[in-house]
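Dear colleague,

I am handing over the structure we spoke about, and you will find it just below this paragraph. My notes on what was found in it follow after that, and I would be glad if you read them with the structure open beside you.

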Amino acid sequence: MARVLKLLVLAAVIGAGIGLWVTAPTKVDAARFASLDGDATRGEAVFTASGCASCHHVKGSEDKLALAGGQEFVSDFGTFYAPNISPHPQEGIGDWNLEAFANAVLNGVSPAGQHYYPAFPYTSYTRMTDADVSDLWAYMKTLPEDATPSKPHDVGFPFNIRRSVGGWKFLFMDDAWVMDVPADLERGRYLVEAQAHCAECHTPRNPVGALDTGAWMTGAPNPSGKGTIPPLTPDKLDWSADDIAYYLETGFTPEYDSVGGHMAEVVDNFSNLTAEDRNAVAAYVKALPAP
């Protein structure tokens, strides 16, 4: 009996060690960014394409660059609130450096070494280039400070155990591209799969909230419980590439309807990008395979 107990204790210790290793935060190698000198002008385009203001500006405010956060995002796991990401040194991210920012954007890890919840779409941003992250950081530092404290998430047990997010990342987080595309579609893929994180809304999720890449862009239930996010695959969307690009610029559909809901924020972002980028996204969408 004593031998069995010793074996059980040993197994428990080994299991705990493996669990701690699997769930530990992964951080970027600071040397990757040592030679990068971010350009705020280029960073503004990254900021726009990545939709940072869409989630982090104050709801209802006309000032889209006041990134005090507070917008709520309802999910099956609780309600998440966008944090303050203004350059305020205490309430925002003003005391971060490029390495800390890269850890957050690419790995979903806070400066304190905690996992961020994947309501922050770092599972898409992880595909961004180091240069774009550096440029984005340079631009973020030029924005106005806001002293509004971030609102804590309303997430119950067991989802409030941050360390468990590390296990979720181990199973589901991947920086590989979802679609193999020819060279002329790589810019569109980069915008859709990385910066603009389109799949975060347009792709269904499994029971623990990870994107079902086998059903890529086939539409999904609205996390708020109101309606659905439409599919973009060719069996459901018969718009031409020009229709898609025009919609991203103006918000008007071929049927003369207009964009609504959170997609209005997305169109507002895309309307400020170049026509080449909108066309690149449209070309990628038209290349999606039927499910």
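Two residues are said to touch, or to be in contact, when heavy atoms of theirs lie within 4.5 Å. Please keep in mind throughout that this is a predicted model.

To begin with the chain as a whole, its secondary structure comes to twelve helices and four strands. A compact globule of 291 residues would have a radius of gyration near 19 Å, and because the chain has 20 Å, the two values agree. Along the principal axes, the C-alpha atoms fill a box of roughly 75 × 45 × 40 Å. Of the 291 residues, 43% are buried, while the accessible surface of the chain comes to about 15,400 Å², with 57% of that surface belonging to carbon and sulfur atoms.

The element I looked at in some detail is helix 6, which spans residues 130-140 and is mostly covered, with ten of its eleven residues buried. Among these buried residues are Asp130, Asp132 and Asp135, together with Leu136, Trp137 and Tyr139. What covers the buried residues of helix 6 includes helix 2 (40-49), helix 3 (52-56), helix 4 (98-107) and helix 8 (186-195).

Thr126 belongs to the loop between helix 5 (122-125) and helix 6. Its relative accessible area is 15%, which is under 20%, and Thr126 therefore counts as buried. Leaving aside residues up to four places away in sequence, Thr126 touches Val105, Leu106, Met173, Asp174 and Asp175. With Leu106 there is also a polar approach, in that a polar atom of the Thr126 side chain lies 3.0 Å from the backbone oxygen of Leu106.

Pro291 is found in the segment after helix 12 (275-286), and, not counting residues up to four places away in sequence, it touches Thr218, Thr233 and Asp235. Pro291 and Thr218 are 73 residues apart in sequence, yet their C-alpha atoms are 7.2 Å apart in space.

With kind regards

Methods
Residues are numbered from 1 along each chain as its sequence is written. This is a predicted model: local features need pLDDT of at least 70, side-chain atom pairs count only at pLDDT 80 or more; totals for chains, interfaces and linings use all residues. Side-chain values use heavy atoms; hydrogens and water are left out. Buried means under 20% relative accessible area, exposed over 50%, partly exposed in between (1.4 Å probe, protein chains only). Helices (H or I, at least four residues) and strands (E, at least two) are DSSP runs, numbered from the N terminus. The radius of gyration is taken over C-alpha atoms; the globule rule is 2.2 Å times the number of residues to the power 0.38. Accessible areas come from the Shrake-Rupley method with a 1.4 Å probe; for residues, only the protein chains shown count as cover. A polar contact is a pair of N or O atoms within 3.5 Å; within protein, one must be able to donate a hydrogen and the other to accept it, and residues adjacent in sequence count only if both atoms are side-chain atoms.
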